[in-house]
Amino acid sequence: MPSLEKLKEKLQNCKGCPLCSTRTNLVFSDGNPNADIMLIGEAPGADEDRLGIPFVGRAGKLLDEFFKKAGIDRQKDVYICNTLKCRPPNNRKPELSEKKACAPYLKQQMETVNPKIIILCGATALESFIKGTTISRARGKVFKGSKGTVFVPIFHPSYLLRHHSLEENSPRDLMLKDLRFIKKLSLQDVTEV
């Protein structure tokens with residue numbers, strides 16, 4: 001299996017879908033490749049495309065705030081990537097053909113990092129791994145994956161940008177509870193969950 005650096009190099013020349021011709025930068029990953037937690041988002045936005053790093057725009061800054069409140073260090077505790085490595089035009093939702101083109105690379109990232117917990121951040125990431133449910137129903141629940149890994153869906157921080165309430169069971173309150181649960185789960189043996 002190629003190292004993450006070799007995989008990133010390979011992706012620099014990827015022509016698997018038309019997004020390679022419209023991107024500014026490949027957005028491969030951020031954080032710690034040895035982390036127990038992996039977060040998979042949807043696709044790069046404008047800021048991510050410009051900088052080549054996932055979750056650095058407004059939604060990413062909000063995610064960082066929630067990580068901090070939950071006791072999760074973005075650079076030490078989490079490896080972050082997206083289902084797509086290139087930005088879809090106008091930040092539209094990824095198309096199935098684009099997700100299929102990126103799927104082998106995402107799979108290699110997952111196998112190389114081999115996390116205990118995979119956070120599925122938002123509906124697109126959820127749909128890529130767990131069928132027949134919505135993010136509102138699935139968020140905060142634990143889904144067993146292969147090789148002892150578990151998936152925990154959470155709201156995408158871009159959704160929270162439209163929901164400012166901090167009241168009990170508001171989207172922001174649930175996000176914080178989910179991330180605190182994930183932090184606690186990361187300290188346990190997930191095969192027993």
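Colleague: Which residue in E3 is the bridge partner of Ile37?

Modeller: In this predicted model, Ile37 has Val78 in E3 as its bridge partner. Met38 also looks across to E3, where Tyr79 stands opposite.

Colleague: What makes E2 and E3 a pair?

Modeller: Two strands are said to pair when at least two bridges are found between them. E2 and E3, residues 78-82, have 5 bridges in the parallel sense, so by that cut-off they count as paired. E2 also runs parallel to E4, with 4 bridges joining them, so that pairing passes too. There, Leu39 stands opposite Ile119 in E4.

Colleague: How many residues of E2 are buried?

Modeller: E2 is mostly covered, with 5 of its 5 residues buried. Ile37, Leu39 and Gly41 point one way, Met38 and Ile40 point the other way, and all are buried. In a regular strand, side chains alternate between the two faces of the sheet.

Colleague: What is the strand order in the sheet?

Modeller: The order is E1-E3-E2-E4-E6-E5, an open sheet of 6 strands with mixed pairing.

Colleague: And why are E1 and E5 said to stand at the edges?

Modeller: E1 and E5 (143-144) each have a single partner strand, so one side of each is left without a neighbour in the sheet.

Colleague: What makes the Asp30 and Gln75 side chains a polar contact?

Modeller: The distance cut-off is 3.5 Å between N or O atoms. The side chains of Asp30 and Gln75 make their polar contact at 3.1 Å, so the pair falls within that limit.

Colleague: Now His156. Is that one buried or exposed?

Modeller: Buried: the relative accessible area of His156 is 18%, and the cut-off is under 20%. His156 is found in the loop between E6 and H8. Its side chain has a polar contact of 2.9 Å with the side chain of Ser158. Not counting residues up to four places away in sequence, His156 touches Phe55, Ala59, Cys121 and Gly122.

Colleague: How do you know that the span of H9 agrees with what a helix should give?

Modeller: H9 has 16 residues, 171-186, and at 1.5 Å a residue it should span 22 Å. The end C-alpha atoms are 22 Å apart, so the two values agree.

Colleague: What do the buried residues of H9 pack against?

Modeller: They pack against strands E2 (37-41), E4 (117-121) and E6 (150-154), plus helices H3 (58-70) and H8 (157-160). The buried residues of H9 include Leu174, Met175, Leu179, Ile182 and Leu185.

Colleague: Zooming out, how many helices and strands are there?

Modeller: The protein chain has 9 helices and 6 strands.

How values were computed:
Residues are numbered from 1 along each chain as its sequence is written. This is a predicted model: local features need pLDDT of at least 70, side-chain atom pairs count only at pLDDT 80 or more; totals for chains, interfaces and linings use all residues. Side-chain values use heavy atoms; hydrogens and water are left out. Helices (H or I, at least four residues) and strands (E, at least two) are DSSP runs, numbered from the N terminus. The expected span of a helix is 1.5 Å times one less than its number of residues. Buried means under 20% relative accessible area, exposed over 50%, partly exposed in between (1.4 Å probe, protein chains only). Contact means heavy atoms within 4.5 Å. A polar contact is a pair of N or O atoms within 3.5 Å; within protein, one must be able to donate a hydrogen and the other to accept it, and residues adjacent in sequence count only if both atoms are side-chain atoms.
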